[in-house]
Amino acid sequence: LSWPKVESIVVVDYTKYSDQGFLFTPYEFSGSYEAVGPIHFSFKPKVQMVAETVKTGRNRRPKLHYRVEEEAIDTEVMLREIYLKTKAMGANAIVSFKWVLSYKKRYLREYPPEWPKHHGYELTASGFAIRRLNTKQ
């Protein structure tokens, strides 16, 4: 059993939102602001089990085998959703903003027993939404 080498670079560009006066920052805000509230977004990609027949063993008899296909998380789509939802709340910034990628068992109770156990990933974004005062928007 082997896994192919996977290299991944993720770049999140906030420019489009900062050009519109919205601030995403991992830091606190030292200016005047009104609190909007804590935010927490969780993104789990679609996971699909694909059944395929493979020949195994000495007799090379066909056997049903399942493999996991998991779609990639699109950070641009996530960022747009975060922006739209917090903007609708009246916020023009998210402070203490952070991304966390985690791996965990996913939906095991929903799997038929013959499916392989799957550790999926989840990307969460959290912070505190605020309305900065005395800023041009």
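**Notebook: helix 2 and around it**

Just after helix 2, I find Gly90 with a positive phi of about 100°. I take helices (H or I, at least four residues) and strands (E, at least two) as DSSP runs, numbered from the N terminus.

Ground rules. I am working with a predicted model, in which local features need pLDDT of at least 70 and side-chain atom pairs count only at pLDDT 80 or more, while totals for chains, interfaces and linings use all residues. I number residues from 1 along each chain as its sequence is written, and side-chain values use heavy atoms, with hydrogens and water left out.

**Entry: whole chain**

I count two helices and six strands in the chain. Read from the N terminus, their order is α-β-β-β-β-α-β-β. Buried residues (under 20% relative accessible area; exposed is over 50%, partly exposed in between; 1.4 Å probe, protein chains only) make up 28% of the 137 residues. The accessible surface (Shrake-Rupley method, 1.4 Å probe; for residues, only the protein chains shown count as cover) is about 9900 Å², with 52% of it on carbon and sulfur atoms. I also looked up contacts (heavy atoms within 4.5 Å): of those between residues at least 6 apart in sequence, 73% join residues at least 24 apart.

**Entry: helix 2**

Helix 2 has 14 residues and reaches 20 Å from first C-alpha to last, close to the 20 Å expected at 1.5 Å a residue. The expected span is 1.5 Å times one less than the number of residues. Its buried residues are Thr75, Met78, Leu79, Ile82, Tyr83 and Thr86. These lie on the same side of helix 2, because they cover an arc of only 135° around the axis. I take the arc from the directions from the helix axis to the C-beta atoms. An α-helix has 3.6 residues a turn, so residues three or four places apart point the same way.

At the N-terminal end of helix 2 I note a cap by Asp74, with a side-chain oxygen 2.9 Å from the backbone nitrogen of Glu76.

**Entry: nonpolar core**

A nonpolar core is a set of buried Ala, Val, Leu, Ile, Met, Phe, Trp, Tyr and Cys residues joined through side-chain atoms within 4.5 Å. Which members of the largest one touch the most others? Of its 16 residues, they are Tyr17, Phe22, Phe24, Ile82, Ile94 and Phe97. At least two residues each come from strand 2 (33-43), helix 2 (75-88), strand 5 (93-105) and strand 6 (119-132). Helix 2 gives the most, four residues.

Beyond four places in sequence, I find Tyr17 touching Phe22, Phe24, Glu76, Leu79, Arg80 and Tyr83.

**Entry: Tyr14**

I place Tyr14 in the segment before helix 1 (15-18). Tyr14 counts as partly exposed because its relative accessible area is 26%. Leaving out neighbours within four places, Tyr14 contacts Phe24, Leu79, Phe97 and Trp99. With Trp99 there is a side-chain to side-chain polar contact at 2.9 Å. A polar contact is a pair of N or O atoms within 3.5 Å; within protein, one must be able to donate a hydrogen and the other to accept it, and residues adjacent in sequence count only if both atoms are side-chain atoms.

**Entry: Ser96**

Ser96, in strand 5, has a positive phi of about 55° although it is not a glycine. Most residues other than glycine have a negative phi.
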